[in-house]
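Please have a look at the structure below before reading on.

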Amino acid sequence: MTPGARVAAQIDILEAILSGVPAEKALTNWARGNRFAGSKDRAALRDLVFQALRCRRSAGAWPAPQSARAWAIGTLRANGEDPNEFFTGIAHAPAALCADDVTPLPSDRDRLDLQDWVIDLLTQQYGAEQTAKIGAVLRHRAPITLRVNLQKTTRAQLQAELAKAEIETAPNLASDTALTVLSNPRRAVLQPCFEQGWFELQDAASQAVADAIALNGRVLDYCAGGGGKSLALAARSGSKIFAHDISTARMAEIAPRAARGGHDIEVIAPQDLAKSAKFETVVCDLPCSGSGAWRRSPEGKWSLTPKDLEAFVRLQRDIIAKSITYLAPNGCLALITCSIFEAENQGQRQFVSENFPDLTFCSTEQYLPSATQDGLYLVIFKKGI
């Protein structure tokens with residue numbers, strides 16, 4: 001596909017999104033209906049669509065665009081590209097630009113590519129300068145980072161192995177196990193060393209969070225999901241990890257991933273957790289707004305409402321209270337979010353301190369989104385000291 005044809009396909013997908021189809025489904029539907037498109041075309045098209053979602057406001061498409069065509073034009077302009085190079089009407093490209101194809105110039109506030117209430121909230125928390133930096137980061141594609149499984153290889157050895165496939169990587173300062181992929185990222189999971197368990201895909205800040213949790217005795221990953229934190233904890237400690245989630249379906253990939261990495265992780269179904277003995281370490285990767293990782297799920301940046309944020313806070317407090325019941329005396333409780341909102345982070349730290357006097361605050365860390373990592377929050381408490 002030519003660059004222009006890709007933009008034409010982008011417009012088709014944006015039209016589906018505007019009609020209410022989720023982005024992932026819209027991309028899948030398009031691929032099924034256009035079998036001629038190769039893997040490189042599908043990957044490039046995905047990047048175009050997700051960039052349009054990330055930059056929706058600066059593209060003049062928030063709260064609603066004039067059309068999918070206008071949204072695509074505005075996205076190109078917002079990212080410093082000339083739409084005339086793509087809108088040529090030649091070889092399946094969209095029709096050439098005309099007098100009606102005028103997109104509004106974005107204001108400084110528009111260029112933050114965030115909702116107004118989010119801008120105001122972040123400005124209260126971090127100040128205008130830091131909020132501008134956060135907005136700038138979240139309007140671009142997230143880095144691809146690998147977590148090296150030190151039980152099977154070293155960071156240098158994995159770099160050398162990937163270099164054979166022209167996959168260039170660089171050590172990420174956030175963690176001793178983190179490698180940021182600089183070229184050919186989609187090739188990484190196709191390499192034999194991935195099937196051999198040498199690495200997993202995991203954000204650098206997420207790895208740093210796992211590094212910061214002191215592991216003692218039995219370890220419970222209470223909100224395990226797909227098992228990313230469980231795998232990181234198991235790879236670092238060699239200890240047995242117990243993985244739990246309210247949805248057993250979300251944990252379906254933990255066993256094969258653990259087997260690939262050579263880790264000892266036992267999945268505990270919700271109905272079986274109450275029968276288990278207490279745990280010396282309880283880790284809660286809490287469901288949240290996902291604001292620290294909006295680059296990866298940009299639809300959430302535009303759909304989140306203040307009421308949604310309040311609902312997450314209530315849900316988190318319910319989960320925290322339940323997780324504490326599984327904590328052994330002198331045990332460690334680690335709470336994690338991929339959020340940059342104070343209500344989900346420092347506010348929850350205050351909630352625990354005020355409502356659970358047998359828990360003592362130990363440490364905290366707020367990771368903000370950057371060119372090399374997502375935004376995450378970690379707070380650690382100790383029981384009975």
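## The largest cavity

Lining the largest cavity are Arg-147, Asn-149, Gly-197, Phe-199, Glu-200, Leu-231, Arg-257, Arg-260, Gly-261 and His-263. A cavity here is a set of points, on a 1 Å grid over the protein atoms alone, where a 1.4 Å probe fits but cannot get out, and lining residues have an atom within 4 Å of a point. Two elements, β4 (199-201) and α11 (254-261), each give two or more residues to this lining, and α11 gives the most, with three residues. Helices (H or I, at least four residues) and strands (E, at least two) are DSSP runs, numbered from the N terminus.

The volume of the largest cavity is about 40 Å³, where a volume is the space filled by probe spheres set on the points, which are joined across faces, edges and corners. Searching the whole structure finds one cavity of 30 Å³ or more. The lining of the largest cavity splits into two nonpolar, four polar and four charged residues; Ala, Val, Leu, Ile, Met, Phe, Trp, Tyr, Cys and Pro count as nonpolar, Asp, Glu, Lys and Arg as charged, and the others, Gly among them, as polar.

## About the model

This is a predicted model, in which local features need pLDDT of at least 70 and side-chain atom pairs count only at pLDDT 80 or more, while totals for chains, interfaces and linings use all residues. Residues are numbered from 1 along each chain as its sequence is written, and side-chain values use heavy atoms, with hydrogens and water left out.

## The second largest pocket

Ser-39, Lys-40, Ala-43, Asn-184, Pro-185, Arg-186 and Arg-187 line the second largest pocket; a pocket is an open set with protein on both sides within 12 Å along at least five of seven lines. Its volume is about 250 Å³, and its lining has two nonpolar, two polar and three charged residues.

## Two helix pairs

Helix α1 (residues 3-18) and helix α2 (residues 23-33) have axes that come within 9 Å and cross at roughly 135°. Axes are lines fitted to C-alpha atoms over the stretch in contact, with angles from 0 to 180 degrees between N-to-C directions. Ala-9, Asp-12, Ile-13, Ala-16 and Ile-17 of α1 meet Ala-23, Ala-26, Leu-27 and Trp-30 of α2, contact meaning heavy atoms within 4.5 Å.

For helix α5 (residues 116-126) and helix α6 (residues 128-138), the axes come within 7 Å and cross at roughly 125°. This makes α5 oblique to α6.

Conventions: Parallel < 35°, antiparallel > 145°, perpendicular 65-115°, else oblique.
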